[in-house]
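Please look over the sequence and the 3D structure shown here.

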Amino acid sequence: MAEHPARPCCLGWDFSTQQVKVVAVDAELNVFYEDSVNFDRDLLEYGTQGGVHVHEDGLTVTSPVLMWVQALDIILERMKASGFDFSQVLALSGAGQQHGSVYWKTGASGVLTSLSPDLLLHKQLQACFSIRDSPVWMDSSTTAQCRQLEAAVGGAQALSGLTGSRAYERFTGNQIAKIYQQNPEAYSHTERISLVSSFAASLFLGSYSPIDYSDGSGMNLLQIQDKVWSQVCLGACAPHLEEKLGSPVPSCSVVGAISSYYVQRYGFSPGCKVVAFTGDNPASLAGMRLEEGDIAVSLGTSDTLFLWLREPMPALEGHIFCNPVDARHYMALLCFKNGSLMREKIRDESASCSWSDFSEALQSTEMGNGGNLGFYFDVMEITPEIIGRHRFSAENQVSAFPRAVEIRALIEGQFMAKRIHAEALGYRVMPKTKILATGGASHNRDILQVLADVFGAPVYVTDTANSACVGSAYRAFQGLRGPSPSICQA
C-alpha cells in the first residue's frame, strides 16, 4: 500500500460529461494527488457513449444520475485503498457540467441525512430520484420551451438582459419546463431540483446544497444583477419552482461541514468544510487564475473565450455569468464553432497541408493584411449564426485572395471577430490585460502573434487540462479564508 505524506490540503472535484475527477492541492497550491473514473470505460453497465445516452429523436441527451454517484464511490474507495489521509482535508469544492439537472424525489432528504457508513452511496440512493436520467448540456429538445420563456419576458434580448443569455435549449429552466409539461407526475413528486454541481455538493453535505450564483446564471432563471430568481422566468417554466430550487448563494460560500458518513467511512475530519460547487466553465476561470481584464482563449476544434467583466452588456450572442471568484463582477463565455477545423482547411488549401508553410505565410504578410479581411464559416457558426466564406478587400467584397493573404485574412478575421463580440458584451482591453491561450493552435507562435496584435496584449500559453478540478480546489481554499470586502460578496 502506497503511503501519502500527511499534509493539509483541499480537494477539487469535477463531475464532467465523461468522467468524475479529483485532485488534492496543498497549501502551496501544488497538486499531489489525482484520480478519475471514466464512465464509458469504468462503468460499462450504464451503456453510455461519451458519458451520455443520445435518444432516438437525436435531440434528447441524458445521463444516469446513479452513474455519477457510483463513480464517486469508486474514487473514494481507491483513495482509501491507496492510503490517502482524508483527515488532512481542510475543505473541498467542485465543478459540474453546466446546465444539467437532477430531480430529488420526495423523501430523498431523509435518506441523505441518515446515510449508513457501512454501505456505498449508490446503494443507498437508488430510490431517491424522480427522474433517473438527467438532461445534460448536449440536449437540444426544448426549442418550444425556449420560445415560451422568451415570449413571457418580452423577447430574447429582454431575457438576455435579465438572465445573461437568451433562451438556449440546454439551459436548465427550459429543461425543467419540458419535464413539467411532459411528465407532470414526476415533477410533482420532486422535492428539490439541483444542478449537477449542487447535486454533487449535496452528496458531500448529506443535505441539499444551494445553487451558487455562477452556475445558477446558466439556467435562464437567475437575475444576474440582483442575484435572485426571476419570478417571471420561474412562472413561465413550472409552478412551485422557487421552493424546489432553494435560495442561491455566493460561489465561494461555505455551505456546511462534511456529512458524518464521510467521517465514519473514510476518516475525514468533522471540521472539513464544503464550499459551494459551481459550473465547470466558471471553475476553469478560477483554475486559470484570471483577473479583471484578462482573457482565456481555447483554440481547439471550436474556439472558446472566457472573459472577466466588471460592467457586462448581455447580448443575443454569448453568455454572461456571475463571476465565481468575485461576486461583484462577471464572466463572459463566447463559443465559435469554426475554430481549428477551419484553420486546418485553409492550411490544406493554401499552405500545402503544412503548418510550417502556414506560419511562413503569416510571417511574410503585414499586420492588417493590406486591408484584406476574411470571415470563414464552413459550418453554421454560433457567434453569430452565419455560414459561408466572406472576403473583403479595402474597397469591396471579392471572391478570392492570394494564398498568403488568404491565411492572414483567416487568422486576423477569427481574432477580430473574437474582440468585436467580446467588446459587445462589455469587455475592454486594459493596460494590465493578459491573454492565456490553450488548445492545439496555441502551439503555433505565429498564430499567437496575430492574437497579441489584434488585442494589443501579451499572450501566454497555459496547460488547462485540469483547470476545472484545480480551480475547485483553489475555490475551496478561498472559501476557507471567508468573505472579504472585495471578494465573494454580492
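The report below starts with how the model was treated and then turns to its parts.

## Basis

This is a predicted model, in which local features need pLDDT of at least 70 and side-chain atom pairs count only at pLDDT 80 or more, while totals for chains, interfaces and linings use all residues. Residues are numbered from 1 along each chain as its sequence is written, and side-chain values use heavy atoms, with hydrogens and water left out.

## Largest pocket

A pocket is an open set of points on a 1 Å grid over the protein atoms alone, where a 1.4 Å probe fits, with protein on both sides within 12 Å along at least five of seven lines; its lining residues have an atom within 4 Å of a point. A volume is the space filled by probe spheres set on the points, which are joined across faces, edges and corners.

The largest pocket has a volume of about 1,600 Å³. Its lining holds 50 residues, and Trp137, Asn281, Ser302, Thr304 and Cys335 lie nearest the centre. Elements giving two or more residues to this lining include strand E2 (19-26), helix H14 (280-287) and helix H19 (467-481); helices (H or I, at least four residues) and strands (E, at least two) are DSSP runs, numbered from the N terminus. By class, the lining has 17 nonpolar, 22 polar and 11 charged residues. Here Ala, Val, Leu, Ile, Met, Phe, Trp, Tyr, Cys and Pro count as nonpolar, Asp, Glu, Lys and Arg as charged, and the others, Gly among them, as polar.

## Second largest pocket

The second largest pocket contains about 290 Å³ of space. It is lined by 14 residues, with Ala286, Arg289, Val325, Tyr474 and Gln478 nearest its centre. Two or more lining residues come from each of H14 and H19, and H19 gives the largest share, 5 residues. The lining divides into 9 nonpolar, 1 polar and 4 charged residues.

## Helix H9

Helix H9 (residues 196-205) has 10 of its 10 residues buried, so it is largely enclosed by the rest of the structure. Buried means under 20% relative accessible area (1.4 Å probe, protein chains only). Just after H9, glycine 206 has a positive phi of about 75 degrees.

## Nonpolar cores

A nonpolar core is a set of buried Ala, Val, Leu, Ile, Met, Phe, Trp, Tyr and Cys residues joined through side-chain atoms within 4.5 Å. The largest has 68 residues, of which Leu221, Leu241, Leu245 and Leu307 touch the most other members. Helix H17 (residues 403-424) supplies the largest share of this core, 7 residues.

A second, separate core of 55 residues includes Leu125, Phe204, Ile258 and Phe268.

Key: Buried means under 20% relative accessible area, exposed over 50%, partly exposed in between (1.4 Å probe, protein chains only).
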